[in-house]
Amino acid sequence: MAQYVTKGFVATRQGFGEGVLEAARRNKRILGIGADITGSVGMDLFAAEYPERFISLGIAEQNCVGAVAGLALSGKIPVFATYGVFSALRTTDFIRISICYNNLHALIGGAHAGISVGPDGATHQALEDIAVMRALPNMTVVSPCDATQTRIATIACLNRFSGPVYLRFGRAPVPDFTSENQHFEIGKAQILSRGSDATIIATGHMVWEALEAANTLNQDGLKIRVINMHTIKPLDHDAVLKAAMETGAIVTAEEHQVTGGLGSAVAEFITQNHPVPMEFVGMKDRFGESGEPEKLMEKYGLSASNIAMHVKKVLKRKY
Amino acid sequence: MDIESLERVSKIIRTDIVKSLAKAGSGHLGGSLGMADIFTVLYFHALQHHPEDPEWEDRDRLILSIGHISPVLYATLAHAGYFPVEELLTLRKLGSRLQGHPGREHGLPGIELSAGSLGQGLSVAVGMALAGKMDEKKWNVFCINGDGELQEGSIWEAAMSASHHKLDNLISIVDRNGVQIDGKTEDVMGLEPLIEKWRSFGWHAISCDGHNMEDLIYAIEEARYVEGKPIVILATTKMGKGVSSIEDDHHWHGKAPTESEAIKFIKEIEEYYQD
C-alpha cells in the first residue's frame, strides 16, 4: 500500500496560474483572455508579467470563446479561464462549433469546479461540465488531482499538446501530494496504489479521498488499486481494462454528477470490453448548496468514508 | 476590375447558386442570391487574396458568420479560382467538400471558419483582428453578418469588445435584407434604429446599397481608411435579388428550387441583367 503525504493544502487554481505563467515564458504565442475574474482563476500572475499578451474581454463568455477561436486561427495559443459553469456550460455552443468543429489548439479552463466551491452555492458549482465537454468531438478533458499536478498539466496542455482542451480545477485548498518530478502524460492514467481486490478510479480532488479510502480498507485486509484518472478524455483504456480484469470490481469517484462524468466514461468502456460490477460516487442528479467545502463534500457523499462504503458494496457483487 | 466586368461575374455567380441549389435539393436560395453582388465586389475587387495560395499569410480574412448562405461563398470562391467550378454541383452531398454550412475539416480551399450557428462569427473575427493588431499586420478581417443574426446577444458582446479594443482592422458587412424565416425582421424582433445601435456601440457605421457595385466599392474604401474604430457596413439588399418572382419573399429563405423552377429562375436572371 503506497503512502502519500501532503505537502500542505493548496488550491488547484494556484497550480493553474503558475502553469500558465511557466508555459507562457517558454512560448510567446500563448495569450490570456480575461473575463473579469482574472485573480480568482489564478491568471493574475500571467497578466502582471505579460500585460501585452493579456486581453480583457469582460463578462461576456460567449464572445471570449469566439475570440479564442479567432486568435487560435491566427497562430496564437489562447488560454481562457473562468468558473466552469460559465467557461464550459454557458458557452457550450461556441466551444462546440468555433473551437471543436474548427479543431483549434486552445485551453479552456474550468475553474471553481465541483461542489467544493462552497458558500457561493449551486449556481456557481460546475457539476455537469465533464459530461458536456467530453461529449464534444475533438475535445480533450483533463482534471488533475492537486495543485502540483495542475501546474504540470497546464504546461502539458499548452506546450506539449495540440487541439481543444478543457482543464478542470477547483477553488478550495486541497491536499497537495503529487511529486514535482512526476511523469505526467495527457491520456495516461497514474496508478497511485497497487491492489487486486477492487479498483477506485478517481479524478480531481477525489483522488486524495480515494487514497484515504484505500488506506482505511487496507486495515480490513483489502488491497485496493487507486487510479488517478487525470484525463477523462481520451480515457486510458489500458489502465481501465487491466483494473477490470485484475481486480474485478470498480468504484469511480468524482466531484461531478454521476450522469455523464468519469463513471459513465469508465462504464461505457468496460461494459463493452470486460464487464465487472461498478459503483459510482458523485453527485446524484441534484444541485448543490451553500456551505463550507468539507461539510458539503461530507453531506453529498464525496468523502473517503463514502468511497470505502461503496467499495464494500461493490465487493458483495464481485464474483 | 471595372463595374461592367463585376456585373458579368455576379450574373455567373447568381446562375451557379441556382444551379447548385437545384442539384442539392435543399439549401438557402434567397439570402445567397441577395449577397451575390457583395461577394463579387469582395473577391473580385476589394479583398487582398491569392486563390492559388489560400493560406497566404497577408491575406484579408473573410468570415462567413451566416454559414447558411454558403452557396454564394462557394460559387464566388470557385469562380475566383479556389477550386473547380464543377464541384459546385456536389453541394450538400455525402462526401462533398461543400458542406451545407462551411466546415474546414472537409478541406475546401478558401474557407476561413467552420460556422453556421448564428452569432459566433463576429466574435471569431474580433479574435482574428486582435491577433492582427498584436502582430502589426496590415490585413483586415471582413465578417459577413445577417440582419436577423443581430438578434443574437453575443453579437453585441462582440460589438462592445471590438470598439473597446479599437479594432479598425475589422469590417462587418451586414446583409440588411429585412427578412428572416418567420417574416420581416421588424415583426419578428425589431432591429431599428439599427445604425444608431452600432454607432452607440462605438462603431463607424456606413449605409449602402448592397446591389450597387460602385456604392459597395466606395463603402469598403471608406472602411479601410477609418482609424481607431471597427466598421460596419449596413448593406441594404433584397433576398432573392435577380430572380424577380421570388425577390423579398421570405418563403425563399431556406428553400431550394426544383429543376423546372431553376430553369425559370435562370431565365429571370438573364432578363435582370438585360435591363
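**Close-up views of a predicted two-chain model**

**View 1. Helix α5 of chain A is mostly covered.** Eight of the ten residues of α5(A) are buried. Buried means that 20 or more other C-beta atoms lie within 10 Å of a residue's own; exposed means 12 or fewer, partly exposed means in between, and C-beta atoms are placed from the backbone. Helices (H or I, at least four residues) and strands (E, at least two) are DSSP runs, numbered from the N terminus. This is a predicted model: local features need pLDDT of at least 70, side-chain atom pairs count only at pLDDT 80 or more, and totals for chains, interfaces and linings use all residues. Residues are numbered from 1 along each chain as its sequence is written, while chains are lettered from A and ligands numbered from 1 in the order in which they are written.

Which residues of α5(A) are buried? They are A:Phe94, A:Ile95, A:Arg96, A:Ile97, A:Ser98, A:Ile99, A:Cys100 and A:Tyr101. Their cover includes α3, β5 (106–111) and β7 (164–168) of chain A. It also includes α5 (121–134) of chain B. After α5(A) comes A:Asn103, with a positive phi near 50°.

**View 2. Chain A meets chain B.** The contact takes 23 residues from chain A and 21 residues from chain B. Two residues are in contact if their C-beta atoms, placed from the backbone, lie within 7 Å. On the chain A side, α3 (61–73) and α5 (92–101) are the elements that give two or more residues. Which element gives the most? It is α3(A), with nine residues. By class, this side of chain A has eleven nonpolar, ten polar and two charged residues. Here Ala, Val, Leu, Ile, Met, Phe, Trp, Tyr, Cys and Pro count as nonpolar, Asp, Glu, Lys and Arg as charged, and the others, Gly among them, as polar.

View 3. The assignment gives domain 1 (9–175) and domain 2 (190–316). Such bounds come from an automatic or database domain assignment. The C-alpha centres of the two domains lie 25 Å apart. In chain A, 28 residues of domain 1 are in contact with 31 residues of domain 2. On the domain 1 side, α6 (129–134), β6 (140–142), α7 (147–159) and β8 (173–175) each supply at least two residues. That side divides into 16 nonpolar, nine polar and three charged residues.

**View 4. The largest nonpolar core has 199 residues.** A nonpolar core is a set of buried Ala, Val, Leu, Ile, Met, Phe, Trp, Tyr and Cys residues joined through C-beta atoms within 7 Å. A:Val68, A:Ile200, A:Ala210 and B:Ile233 have the most contacts inside this core. Domain 1 and domain 2 of chain A both give residues to the core, so it lies between them. What does B:Ile233 touch? Not counting residues up to four places away in sequence, it touches B:Ile171, B:Ile173, B:Val174, B:Ile206, B:Cys208, B:Ala219 and B:Ala223.

**View 5. Strand β14 of chain A is mostly covered.** β14(A) holds residues 278–283, and six of its six residues are buried. Strand β13 (residues 250–257) of chain A pairs with β14(A) in the parallel sense, over five bridges. Two strands pair if DSSP finds at least two bridges between them. A:Glu279 in β14(A) is the bridge partner of A:Val251.
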